[in-house]
Amino acid sequence: MQKKILILTASYWAWHNVAANTMKNYYTEKWYQVHTIDLVEFLSSLWKWTQSFYQDFCSKYPNAWDITYNILDKDFIKKILFWVEYPFSQKKFDNIISDLKPDIILSVFPFWWGFI
């Protein structure tokens, strides 16, 4: 039986999508059925705004990524983000999971934990 893999990514910078595409190519060659979801495309226009803001901000302040990651890694920040985003997106994500029925979910972006 062919395994189904869902890869979760985010097009904030090329790195997430490079990792996702590399994994997708590898697993496709191994005859897995692979689907990829991009957080920026999946969520509201707010995320598209954060994408351009974040890229611009990190270009001006190279340490911003480290600071952002450390802030987002705090449990209370995760809870706040989860409470804000959950009502708007969880049902949409659950429908995708229900339709695809993946055997494996891989994530190359740290925010996807909230949905899973």
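Quick housekeeping. This is a predicted model, so local features need pLDDT of at least 70 and side-chain atom pairs count only at pLDDT 80 or more, while totals for chains, interfaces and linings use all residues. Numbering runs from 1 along each chain as its sequence is written, and side-chain values use heavy atoms, with hydrogens and water left out.

Now the layout. We have five helices and three strands, and from the N terminus the order is β-α-β-α-α-α-α-β. Helices here are DSSP runs of H or I with at least four residues, strands are E runs of at least two, and both are numbered from the N terminus.

Of the 116 residues in the protein chain, 30% are buried. By buried I mean under 20% relative accessible area; exposed is over 50%, and partly exposed sits in between, with a 1.4 Å probe and protein chains only. As for contacts, meaning heavy atoms within 4.5 Å, take the ones between residues at least 6 apart in sequence: 74% of them join residues at least 24 apart.

Is Asp 38 buried or exposed? Buried, because its relative accessibility is 15%. And what does Asp 38 touch, leaving aside neighbours within four places in sequence? Thr 9, Ala 10, Ser 11, Asn 17 and Trp 112.

Back to the surface. Phe 76, Ile 80, Trp 83 and Val 84 make a nonpolar patch, with about 470 Å² of accessible area together. Patch members need over 30% relative accessible area and no salt bridge; nonpolar side chains (Val, Leu, Ile, Met, Phe, Trp, Tyr) are joined within 5 Å, like charges within 9 Å. A salt bridge puts a side-chain nitrogen of Lys or Arg within 4 Å of a carboxyl oxygen of Asp or Glu. Phe 76 belongs to helix H5, residues 75–100, and counts as exposed because its relative accessible area is 55%.

Last, some backbone angles. Trp 31, in the loop between helix H1 (14–29) and S2, has a positive phi near 70 degrees without being a glycine. Trp 31 is exposed at 69% relative accessibility. Lys 101, in the loop between H5 and strand S3 (104–107), also has a positive phi, near 50 degrees, and is exposed at 53%.

How values were computed. Areas by Shrake-Rupley, 256 points an atom, 1.4 Å probe, with all protein chains shown as cover.
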